[in-house]
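I am opening a notebook page on a structure that is new to me. I will look up one thing at a time and write down what I find.

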Amino acid sequence: IVDDPIKGVTVPEITEYEVHSPEELLEYILKGNRNRTMAETSINQFSSRSHAIMQFGLEYKRQSKKGNDEIITSKLSLVDLAGSERAATSENRGLRMLEGGNINRSLLALGNCITILSDRGKPGISFVPYRDSKLTRLLKDSLGGNTRTVMIACAFSYTPLTPPTKAQVQ
């Protein structure tokens with residue numbers, strides 16, 4: 001991950017596409033989803049083994065009152081976070097356990113950033129540790145500043161997953 005002076009935080013050699021229709025956009029979303037790493041665990045037959053971030057740069061061109069063109073840009077990030085895992089509950093071993101540990105570390109870093117940002121008005125809170133994970137670095141623009149964020153959570157009623165599901169919603 002690098003800090004590009006024009007694009008901001010980006011992934012080197014990432015593929016970018018110019019999209020001209022909703023159908024074309026859906027094709028790229030499906031293509032990106034096919035490239036995700038999935039594996040079976042004892043809890044989930046199709047477990048995401050990584051987070052997925054799709055970022056869309058949107059441009060709107062309009063004429064200003066002075067008659068010159070204005071370009072308004074925005075960024076839409078669709079983020080699918082892999083769920084947190086407890087090694088004892090998921091019975092993961094080897095590579096799956098390492099993946100679960102990486103997932104948990106990045107979710108913890110994200111939670112820390114969100115907590116600090118939500119407590120910003122309190123005395124003594126000023127530093128947001130965006131650099132603690134690749135996930136938070138990539139989402140820095142979406143977490144702080146002039147943004148709107150919506151979260152959709154997938155909650156399970158499976159009893160061993162109740163504590164992480166409650167934590168997710170809180």
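**Entry 1: around serine 77**

I started with one side chain and found that serine 77 and glutamine 55 are joined, side chain to side chain, by a polar contact of 3.2 Å. The model I am reading is predicted. I then placed serine 77, which lies in strand β6. A further polar contact, of 3.4 Å, runs from the side chain of serine 77 to the side chain of serine 142. I also listed what serine 77 touches once residues up to four places away in sequence are left out: Met54, Gln55 and Ser142.

Next I looked up a residue from another part of the chain, threonine 149. I found threonine 149 in the loop between α5 and α6, the latter being residues 162–169. From serine 77 to threonine 149 the separation is 72 residues in sequence, and 9.4 Å in space from C-alpha to C-alpha. Is threonine 149 buried or exposed? I noted it as exposed, because its relative accessibility is 62% and the cut-off for exposed is over 50%.

**Entry 2: the whole chain**

I stepped back to see the whole protein. I noted six helices and six strands. Read from the N terminus, their order is β-β-α-β-β-β-β-α-α-α-α-α. The protein has 170 residues, and buried ones make up 23% of them.

I went back to strand β6, which covers residues 69–80 and holds leucine 76. Which residues make the nonpolar surface patch of about 240 Å²? I found Leu58, Leu76 and Leu78. I checked the accessibility of leucine 76 and got a relative accessible area of 39%, so leucine 76 is partly exposed.

**Entry 3: salt bridges**

How many salt bridges does a search of the whole structure find? The search gives five. I followed up three of them, by name.

One of them pairs aspartate 3 with arginine 137, with 3.2 Å between the closest N and O atoms. This pair links distant parts of the chain, 134 residues apart: aspartate 3 is in strand β1 (residues 2–4) and arginine 137 is in helix α4 (residues 134–138). I compared the two partners with the cut-offs. Aspartate 3 is partly exposed, at a relative accessible area of 46%. Arginine 137 is buried, because its relative accessible area is 16% and buried means under 20%.

Another pairs lysine 75 with aspartate 141, side chain to side chain, at 3.2 Å from N to O. I noted lysine 75 as partly exposed at 39% relative accessibility. Aspartate 141 is likewise partly exposed, at 44%. I then looked for shared partners, and found that salt bridges join Asp3, Arg131 and Arg137 into one network.

The next one I looked up is between aspartate 69 and lysine 61, where the closest N and O atoms are 3.9 Å apart. Here aspartate 69 is partly exposed, with a relative accessible area of 48%. Lysine 61 has a relative accessibility of 55% and so counts as exposed.

**Entry 4: aromatic rings**

I searched for aromatic pairs and the count came to one. The rings belong to tyrosine 17 and tyrosine 28, with their centres 3.9 Å apart. Why does this pair count as stacked? The planes are at 20 degrees, and planes under 30 degrees apart count as stacked.

Tyrosine 17 is in the loop between β2 (8–10) and α1 (22–34), while tyrosine 28 is in helix α1, eleven residues apart from its partner. I noted tyrosine 17 as partly exposed at 40% relative accessibility. Tyrosine 28 is also partly exposed, at 23%.

Note on methods: Residues are numbered from 1 along each chain as its sequence is written. This is a predicted model: local features need pLDDT of at least 70, side-chain atom pairs count only at pLDDT 80 or more; totals for chains, interfaces and linings use all residues. Side-chain values use heavy atoms; hydrogens and water are left out. Patches are made of residues with over 30% relative accessible area and no salt bridge: like charges are joined within 9 Å, nonpolar side chains (Val, Leu, Ile, Met, Phe, Trp, Tyr) within 5 Å. Accessible areas come from the Shrake-Rupley method with a 1.4 Å probe; for residues, only the protein chains shown count as cover. A salt bridge is a side-chain nitrogen of Lys or Arg within 4 Å of a carboxyl oxygen of Asp or Glu. Helices (H or I, at least four residues) and strands (E, at least two) are DSSP runs, numbered from the N terminus. Buried means under 20% relative accessible area, exposed over 50%, partly exposed in between (1.4 Å probe, protein chains only). Rings of Phe, Tyr and Trp (its six-membered ring) pair if their centres lie within 6.5 Å; planes under 30 degrees apart count as stacked, over 60 as edge-to-face and the rest as tilted. A polar contact is a pair of N or O atoms within 3.5 Å; within protein, one must be able to donate a hydrogen and the other to accept it, and residues adjacent in sequence count only if both atoms are side-chain atoms. Contact means heavy atoms within 4.5 Å.
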